[in-house]
Amino acid sequence: MERDLLAAGDLAASLAVCAGRLQLERRDTLVVGATKAHANDVVSDVDIASERLIVDAVRAAWPDDAVQAEEGHGRPGTSGWTWVVDPLDGTRNYISRTGPWSVCIALYQGEQARMAVVHEPVANETFSAVDGGGALLNGAKITASSGPPLAEALVGVSFQPGPETKERAGRVIRELLPLSGDIRRLPAALNLAYQAAGRLDGGLALDTKLWDIAAGALIAREAGVVLGGHGEEFSTELTIGAAPALWPALSERVRAALQRPTA
């Protein structure tokens, strides 16, 4: 079944902006709910309201499409197309007012990402891509950085804050911090989007969910970022991204750190 990906992208961008506006308006009155997988895995009523806004509109436009959504509003479909939605990637940043967050929407045809949007509400920046069409920021083309040497590179690090993942992330940070230009911790979607825009030279994400990385990964790849994991393909367990010139050094260091036995 064919799909107008530009129209789908326009809808996704408008929904992401609307959800971001809701998040800004309700930030002072949000209610934090029960934790999910662990004590640091939190959700607010704003996460849930944002997801409902997006999913309801997608269902109205394409009722036969499947939806994968973080906060439980997913549904099966029959069209072969799946919307992957993270309504608020970076909830701890949002709640604590300590950093950026984003609204993420991707559209898959089978196993292939075909369209993606990552919207950062505070900066009012919308990163987007259509498969084979390049990557955009607020409608203007973006590309990966030139890829400086690792000693000068700015590297993004993302990881879900469960105890085992934090231990693995610590190994990578201990490896990279003395060798790289500097490190930034960011939610996974913005880590990838910032690589696409050349703000970060590379990055990695550990133990994510598909909705954390689906949109950002397509945008990064369309901007010329090299993506991989333990092998050639990235995964929710490990996503490494880098400008082409930086890829060999960064991927080698990250993989080595993760393969090293725990002290």
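Reader: Asp45: what is its relative accessible area?

Author: Asp45 has a relative accessible area of 24% and is partly exposed. Buried means under 20% relative accessible area, exposed over 50%, and partly exposed in between (1.4 Å probe, protein chains only). This is a predicted model: local features need pLDDT of at least 70, side-chain atom pairs count only at pLDDT 80 or more, and totals for chains, interfaces and linings use all residues. Residues are numbered from 1 along each chain as its sequence is written, and side-chain values use heavy atoms, with hydrogens and water left out.

Reader: Which residue forms a salt bridge with Asp45?

Author: Arg26, with the closest N and O atoms 3.1 Å apart. Asp45 lies in helix H2 (residues 45–61) and Arg26 in the loop between helix H1 (5–25) and H2, so the pair ties together parts 19 residues apart in sequence. Arg26 is partly exposed too, at 28%. A salt bridge here is a side-chain nitrogen of Lys or Arg within 4 Å of a carboxyl oxygen of Asp or Glu. Helices (H or I, at least four residues) and strands (E, at least two) are DSSP runs, numbered from the N terminus.

Reader: How many salt bridges in the whole structure?

Author: Ten. One of them joins Glu175 and Arg253 at 3.1 Å, N to O. Glu175 lies in helix H4 (residues 163–176) and Arg253 in helix H7 (residues 247–259), so this pair ties together parts 78 residues apart in sequence.

Reader: Glu175, buried or exposed?

Author: Buried, at 13% relative accessibility. Arg253 is partly exposed at 35%.

Reader: Which residues are linked in a network of salt bridges?

Author: Arg168, Asp207 and Glu237.

Reader: Strands now. How many residues of E2 are buried?

Author: Nine of nine, across residues 81–89. Strand E1 (residues 66–69) runs parallel to E2, joined by four bridges. Gln68 stands opposite Val84 there. Two strands pair if DSSP finds at least two bridges between them.

Reader: And in what sense do E2 and E3 pair?

Author: Antiparallel, over seven bridges, with E3 covering residues 102–109. Val85 faces Ile105 in E3 as its opposite.

Reader: What about the hairpin of E4 and E5?

Author: Four residues lie between E4 and E5, and Asn124 in the turn has a positive phi of about 55°. Six bridges pair these strands, again in the antiparallel sense.
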